[in-house]
Amino acid sequence: MATPTIRMFRRLEGLFCVYKPPGVHWKLVRDSIETNLLKGLNATPSQPLPQEVRFLPQPGSETEAPKGLTLSVASVPVLSKHPLVTGPEFQQIKVGVGHRLDAPSSGVLVLAVGNGNRALSELYRTRITRDYTLEGEFGTATDDFSHAGRVVERSTYGHITQDKLDKVLAMLQGANQKALLMYSNIDMRSQEAYELAAQGLLGPEGKSQPILTGLRCIRFQPPNFTLEVQCLNETQKYLRKVVHEIGLELRSTAVCKGVRRTRDGPFTLQDALTHHQWTASDVRQAIRQYHSSKKNKRFPHTRIKDSGLQPPENTTARQQNETSDEAVAAEGRMK
């Protein structure tokens with residue numbers, strides 16, 4: 001029979017997400033949540049101690065009956081099963097981490113408890129995309145593309161307009177869409193490619209280079225600007241390099257001031273637990289909400305709008321004409 005602690009752990013198995021603050025390593029986030037979950041599990045009220053039957057001497061039987069002891073039957077608790085003797089029921093718990101965030105980055109970080117680690121692996125095999133918000137600044141270049149790096153160059157940026165920035169972003173997005181089609185290993189002229197693109201399932205097979213599937217500017221106040229990015233197989237260092245390359249394309253320089261993940265597959269900022277919510281009860285509630293919504297919530301996949309991916313024209317009509325011609329020829333041979 002499962003103990004209350006084990007039943008509590010089974011309700012904790014699943015996926016959830018937290019908000020990782022900037023400047024904190026993802027391992028510290030995971031370890032903090034592991035510690036809080038262990039405290040919550042082991043604080044669950046335990047079952048009453050099992051009883052065992054013993055024969056105990058009655059008080060005063062040694063003085064009153066010198067020729068023998070008077071024993072009585074008693075039911076006493078088994079002290080060897082006491083928590084102070086056995087220790088906590090859970091000594092460790094496995095918390096898996098999804099697509100990681102480096103220390104300077106912030107945002108949605110997906111975690112898994114127990115059997116949820118298997119669901120986490122299956123989730124990342126479905127070619128899900130992730131959304132980021134990138135804060136950039138024109139006029140400076142550093143050795144690691146971040147604002148905290150060593151400055152290696154300064155340049156002017158007065159000639160940059162939002163129209164010029166939008167053109168560069170459109171060019172980068174077009175180049176990445178071509179790369180996505182190349183890594184898909186599917187004939188782009190086939191009906192299969194069109195159907196996969198229409199369903200949002202077109203994507204690279206296995207691991208590939210980082211691919212940007214969406215890129216747009218949502219704030220432009222020179223020298224500062226903000227980009228919204230949708231991508232696959234990315235790292236935060238790669239995203240900072242993208243900001244640097246955008247500055248070079250605009251005949252200037254740019255540095256990334258912040259990387260914030262706003263979505264990882266089906267998990268968004270609205271689902272993320274903040275630091276004061278990293279408790280067993282809040283995690284259990286988040287996992288329950290995920291289980292109840294995953295059947296009705298469609299995971300965001302890669303969406304491609306490419307003129308090259310049009311349905312083969314008159315495919316069915318050609319097949320019908322070919323079938324009719326073969327039937328006529330067969331009939332002529334029979335005559």
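Before I use any labels: when I say helix, I mean a DSSP run of H or I with at least four residues, a strand is a run of E with at least two, and both are numbered from the N terminus. And please keep in mind that this is a predicted model.

Okay, the overview. By that count, the chain has 10 helices and 12 strands. There are 335 residues, and 40% of them count as buried. If you take the contacts with a separation of 6 or more, 73% come from residues 24 or more positions apart.

Let's start with a pair of helices. Helix α6 covers residues 162-183, helix α8 covers residues 236-249, and their axes come within 10 Å. At what angle do they cross? At roughly 130°. Angles over 145 would count as roughly antiparallel and 65 to 115 as roughly perpendicular, so α6 and α8 are oblique to each other. The crossing of α6 past α8 is right-handed.

Who's touching whom? From α6 you have L165, V168, L169, M171, L172 and N176, and from α8 they meet Y238, I246 and E249. Sorted by type, the residues of that contact are seven nonpolar, one polar and one charged.

Next, the aromatic rings. A pair of aromatic rings is described by the distance of the centres and the angle of the planes. How many aromatic pairs does the count come to here? Three, and I'll show you two of those.

Take F9 and F90. Their ring centres are 5.1 Å apart and the planes sit at 35°, so this pair is tilted. What I like here is that the pair links distant parts of the chain: F9 is in helix α1, residues 4-12, while F90 is in the loop between α4 (83-86) and β4 (95-97), 81 residues apart. Buried or exposed, F9? Buried, with a relative accessible area of 15%, because the cut-off for buried is under 20%. F90 also counts as buried, at 15% relative accessibility.

The other pair is F267 with Y290. This one is stacked, with 5.1 Å centre to centre and 25° between the planes. F267 lies in strand β12 (residues 267-268) and Y290 in helix α9 (residues 280-293), so the pair ties together parts 23 residues apart in sequence. F267 is at 3% relative accessibility and counts as buried; Y290, at 12%, counts as buried too.

Now some backbone spots. Most residues other than glycine have a negative phi, and most peptide bonds are trans. So where are the exceptions I want to show you?

First up, the prolines: the peptide bond from P222 to P223 is cis, with omega near 5°. You'll find P223 in the loop between β9 (211-221) and β10 (224-232).

Then F145, which isn't a glycine but has a positive phi, near 70°. F145 sits in the loop between β7 (140-142) and β8 (151-154), and it's buried, with a relative accessible area of 17%.

R251 is another residue other than glycine with a positive phi, near 60°. Where is R251? In the loop between α8 and β11 (254-264). R251 counts as exposed, at 74% relative accessibility.

Last stop, a couple of strand residues. R130 is in strand β6, residues 130-138. It may be an arginine, but R130 is buried, with a relative accessible area of 3%. How far apart are the C-alpha atoms of R130 and Q230? They're separated by 5.6 Å, although the two residues are 100 residues apart along the chain. Setting aside neighbours within four places in sequence, the contacts of R130 include H99, Y124, V229, Q230, E234, R261, R263 and D264.

And T140, over in strand β7: T140 counts as buried, at 13% relative accessibility. Beyond its neighbours within four places in sequence, T140 is in contact with V151, E153, R154, T253, A254 and V255.

That's my tour. Who wants to start the discussion?

Note on methods. Residues numbered from 1 in each chain as written. Predicted model: local features only at pLDDT ≥ 70, side-chain atom pairs only at ≥ 80, totals over all residues. Heavy atoms only, no water. Axes fitted to C-alpha atoms, helices over the stretch in contact; angles between N-to-C directions. Parallel < 35°, antiparallel > 145°, perpendicular 65-115°, else oblique. Left-handed = near helix turned anticlockwise from the far one by under 90°. Contact = heavy atoms within 4.5 Å. Nonpolar A, V, L, I, M, F, W, Y, C, P; charged D, E, K, R; others polar. Phe/Tyr/Trp six-rings, centres within 6.5 Å; stacked < 30°, edge-to-face > 60°. Buried < 20%, exposed > 50% of the residue type's maximum accessible area, 1.4 Å probe, protein only.
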